[in-house]
Amino acid sequence: MPVSNLELPKGGFNFDNFHRNKTFEEKGFKAPGTRKTGTTICGCVYKGGLVLGADTRATEGPIVADKNCEKIHYLAPNMYCCGAGTAADCDATTGLISSKLELHRLQTGRPSRVATAMTMLKQMLFRYQGQVGCALVLGGIDVNGPQLYTIAPHGSTDKLPYVTMGSGSLAAMAIFEHRWKKDMELEEAMELVKDAISAGVFNDLGSGSNVDLCVITKEGVDYRRGYDKPNERGRKERSYKLAPGTTSVLTSQFRKFVDVIEGDAMDVS
């Protein structure tokens, strides 16, 4: 093919897949459906730093796949990120950005800034137009002090003193709006985040199990795995094992599905 006939790729968005999918639908092919995910993640700024929180339930539609899932991901020594949405997408996205931040620190010789991580995450998610199922709460501390961001799957961001994301975010936000105040002490902030996550656990079917906390200050990070266990199973008050014959058998029926034919034994040597 002559070089003059080659078409250079055009800038902007490409909608070729839209026409392809429309043709598939006209021919009777059904588009893959979405699956509901469930999580409660949140964070708040206090006097000396910030506190991140998350529940530990991972679901596959109506099935609880993991009761002790880790949803607070490492990004850099001075920042962590809570993930809601598709677990594989959150793990891959935070792992990729964490690697890029490490290379950035090695190249510049300076600690990573929270705004740098936020920009990397929002640009990546916007590039995929929401197809990467990641709803993130990014928290960290740098020369500009403690900072807290939310990053939606489509790439939009917010910077606020307290944030929530996930299917249980409304219940958690109700706790924050009622009790958050400026310049809280550490113990008060941890209790507030714990209660916000617990509100999501008890009011959202997609959230459950334990409460994880991550405290980030200038001195370092204190990751509290299993900080609170509001759904710990108690002991049964009595035994529910029933003796044989407790329930009477009304009718029984035996059916023979295999015909046994006598003959030479099978050679198994």
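Colleague: Which strands does α5 lie across, and at about what angle does α5 run to β2?
Modeller: This is a predicted model, to begin with. In it, α5 lies across β1, β2, β11 and β12, and runs at about 25 degrees to β2.
Colleague: What is the order of the strands in the open sheet?
Modeller: The five strands go β10-β1-β2-β11-β12, with antiparallel pairing.
Colleague: What makes β10 and β12 edge strands?
Modeller: β10 (162-165) and β12 (220-228) each pair on one side only.
Colleague: How do you know that β2 and β11 pair?
Modeller: Pairing takes at least two bridges. Seven bridges join β2 (residues 49-55) to β11, and the two run antiparallel. Within this pair, L50 stands opposite I216 in β11.
Colleague: Now to single residues. Why is N210 called buried?
Modeller: Buried means under 20% relative accessible area. N210 has 15% relative accessibility, so N210 counts as buried. You'll find N210 in the loop between α5 (186-203) and β11 (211-217). Beyond its neighbours within four places in sequence, N210 is in contact with residues including A54, D55, N68 and D228.
Colleague: And why is H154 called exposed?
Modeller: Exposed means over 50%. H154 has 53% relative accessibility, so H154 counts as exposed. H154 lies in the loop between β8 (145-151) and β9 (157-159).
Colleague: What separates the C-alpha atoms of H154 and Q129?
Modeller: They are separated by 5.3 Å, with the two residues 25 residues apart along the chain.

Methods: Residues are numbered from 1 along each chain as its sequence is written. This is a predicted model: local features need pLDDT of at least 70, side-chain atom pairs count only at pLDDT 80 or more; totals for chains, interfaces and linings use all residues. Side-chain values use heavy atoms; hydrogens and water are left out. Helices (H or I, at least four residues) and strands (E, at least two) are DSSP runs, numbered from the N terminus. Buried means under 20% relative accessible area, exposed over 50%, partly exposed in between (1.4 Å probe, protein chains only). Contact means heavy atoms within 4.5 Å. Axes are lines fitted to C-alpha atoms, for helices over the stretch in contact, and angles run from 0 to 180 degrees between N-to-C directions.
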